[in-house]
Amino acid sequence: MARDYNAMTDDAFRTDVRTFFESEYPEQLRYILRRARWDEMQGWWGQLYKKGWVAPGWPVEWGGMGLNASKMIIFIEEMERHGVARPPDQGITHIGPILMHFGTEEQKKFYLPRALSGEHIWCQGYSEPNSGSDLASLRTSAVPDGDDFVINGQKIWTSLAQDATHCYVLTRTNPDVKKQEGISLFLVDFKTPGISLRPIVNLAGHAEFCQVFYDNVRVPKANLVGALNKGWTVAKALLGFERLAIGSPRRPAYALQRLKMVAQARGLFADQGFLDRYTALKLDIEDLASLYGRFIEQVKRGEQVGPDVSMLKIWSQEAWQRLSELLIETGAEEAVLNGVQNYGSEDTPVEVDVMTTFYMSRPGTIAGGSSEVQRNIMSRYVLGLPV
Ligand SMILES: Cc1cc2nc3c(=O)[nH]c(=O)nc-3n(C[C@H](O)[C@H](O)[C@H](O)COP(=O)(O)OP(=O)(O)OC[C@H]3O[C@@H](n4cnc5c(N)ncnc54)[C@H](O)[C@@H]3O)c2cc1C
């Protein structure tokens with residue numbers, strides 16, 4: 001029988017998580033700042049799977065840990081504390097919850113266990129060269145043909161597509177209606193003939209995403225998620241889960257921890273001006289953790305995430321950027337050098353990669369929908385302001 005983690009005391013749960021990470025997580029993968037690749041993370045995923053810890057937020061019936069908000073925050077804090085990297089986890093954080101809500105029984109039974117075991121690695125085929133913020137204008141087409149749909153078009157910014165076995169792809173299935181009403185979401189096996197990838201290198205020099213080309217790609221009709229032409233509703237729900245995952249305090253908490261290390265090494269906590277700025281940012285991260293906890297509880301109650309999750313996305317990514325900017329200032333001239341620098345002494349080294357932390361925080365206000373667009377969503381759908 002699955003263990004009821006929520007019945008444990010917070011302290012006992014924290015000790016269990018900490019002990020497991022400290023004893024099992026590979027030392028060479030601690031505190032890597034770029035997106036971790038599947039070949040590096042596969043072994044760790046296997047360990048998590050054996051332990052039943054791949055999906056902390058999934059319900060127990062689907063093999064998740066079923067954590068409530070406070071336990072989830074502890075899990076994240078301990079990952080951060082030990083420098084545990086995020087694996088290619090879109091099967092768990094994005095498409096998994098969507099299939100639980102919108103998938104057929106066959107889709108749930110086939111895809112959820114394989115996402116959990118790591119047999120299927122998922123990526124997201126939403127954005128196109130001319131459809132990012134205005135995603136509903138997408139042009140990649142899916143045309144019915146016998147038992148299949150045939151997909152043609154081009155996606156871009158598909159994160160870690162080069163590691164994925166599957167992609168959930170938004171397509172246009174009716175070009176003759178209002179743009180939001182002719183969209184459908186398909187589950188696509190990357191082994192299908194007609195798919196080709198071209199990696200794109202990010203600001204920090206890592207091949208983080210790809211262009212993905214679909215040339216007469218045949219996808220069975222059974223791979224449609226939700227109703228035909230109703231993919232916009234599914235896509236928006238998925239973006240809600242994505243914004244929740246992006247809004248996790250994980251990365252800002254990491255930057256705060258590094259800021260503290262560098263500031264201590266530089267003796268800056270004796271400076272009242274610095275202390276004020278540090279404290280304000282620390283409180284921002286505490287606010288973030290409590291806001292995140294509120295959304296986690298909502299998901300656990302089986303509710304979908306609403307447009308107000310945009311607030312979480314804005315807050316987490318902008319706080320992360322503010323932190324990484326103060327980190328650069330704190331690191332002073334060494335901070336602009338690429339790679340790990342020593343901010344301590346030879347005897348007591350304090351090794352931090354300030355520049356990569358800064359680089360990695362930059363696209364946070366673009367990925368998953370830009371801050372400007374999130375503010376538009378908040379003003380329109382949460383505050384009800386006129387457009
Ligand atoms: C790190 C990273 C990972 C990503 N991963 C994926 C992925 O895995 N899969 C995927 O499908 N996509 C992915 N994306 C793409 C991402 O969703 C888009 O970049 C994003 O939605 C913005 O679209 P765009 O780049 O086309 O910019 P544009 O839409 O062209 O926007 C350009 C600028 O105009 C502003 N703007 C646009 N419209 C408005 C408006 N109505 N009001 C005010 N300002 C506006 C934007 O805020 C932005 O500043 C990723 C992006 C990044 C940075």
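# Exercises: ligand contacts and salt bridges

A nitrogen atom of the ligand is 2.8 Å from a polar backbone atom of glutamine 124. The model is predicted, so local features need pLDDT of at least 70 and side-chain atom pairs count only at pLDDT 80 or more, while totals for chains, interfaces and linings use all residues. Residues are numbered from 1 along each chain as its sequence is written, and side-chain values use heavy atoms, with hydrogens and water left out.

**Exercise 1.** Find which atoms of tyrosine 126 and serine 370 lie by oxygen atoms of the ligand.

*Solution.*
- Step 1. The test is for a polar contact: a pair of N or O atoms within 3.5 Å.
- Step 2. In tyrosine 126, a backbone N or O atom lies 3.0 Å from a ligand oxygen.
- Step 3. In serine 370, a side-chain N or O atom is 2.6 Å from an oxygen atom of the ligand.
- Step 4. On its own the ligand has 970 Å² of accessible area (Shrake-Rupley method, 1.4 Å probe), and the protein covers 65% of this.

**Exercise 2.** Describe the shell around the ligand and state where the ligand lies relative to domain 2 and domain 3.

*Solution.*
- Step 1. Around the ligand there are 17 residues (a heavy atom within 4 Å), and Ser127, Ser133, Trp157, Ser370 and Glu372 come nearest.
- Step 2. By type, the shell holds 6 nonpolar, 9 polar and 2 charged residues.
- Step 3. At least two shell residues come from each of β3 (148-159), β7 (207-220) and α11 (371-382); the largest share, 3 residues, is from β3.
- Step 4. Domain 2 (122-231) and domain 3 (247-382) both give residues to the shell, so the ligand lies between them.

**Exercise 3.** Locate the salt bridge of aspartate 10 and decide whether each partner is buried or exposed, or in between.

*Solution.*
- Step 1. A salt bridge is a side-chain nitrogen of Lys or Arg within 4 Å of a carboxyl oxygen of Asp or Glu. Aspartate 10 forms one with lysine 71, with the closest N and O atoms 2.9 Å apart.
- Step 2. Aspartate 10 is in helix α1 (residues 10-24) and lysine 71 in helix α3 (residues 69-82), so the pair ties together parts 61 residues apart in sequence.
- Step 3. Buried means under 20% relative accessible area, exposed over 50%, and partly exposed in between (1.4 Å probe, protein chains only).
- Step 4. Aspartate 10, at 36%, is partly exposed, whereas lysine 71, at 3%, is buried.

Note on methods: Polar contact = N/O pair within 3.5 Å; in protein donor to acceptor, adjacent residues only side chain to side chain. Helix = DSSP H or I, 4+ residues; strand = E, 2+ residues; numbered from the N terminus. Nonpolar A, V, L, I, M, F, W, Y, C, P; charged D, E, K, R; others polar. Domains from an automatic or database assignment.
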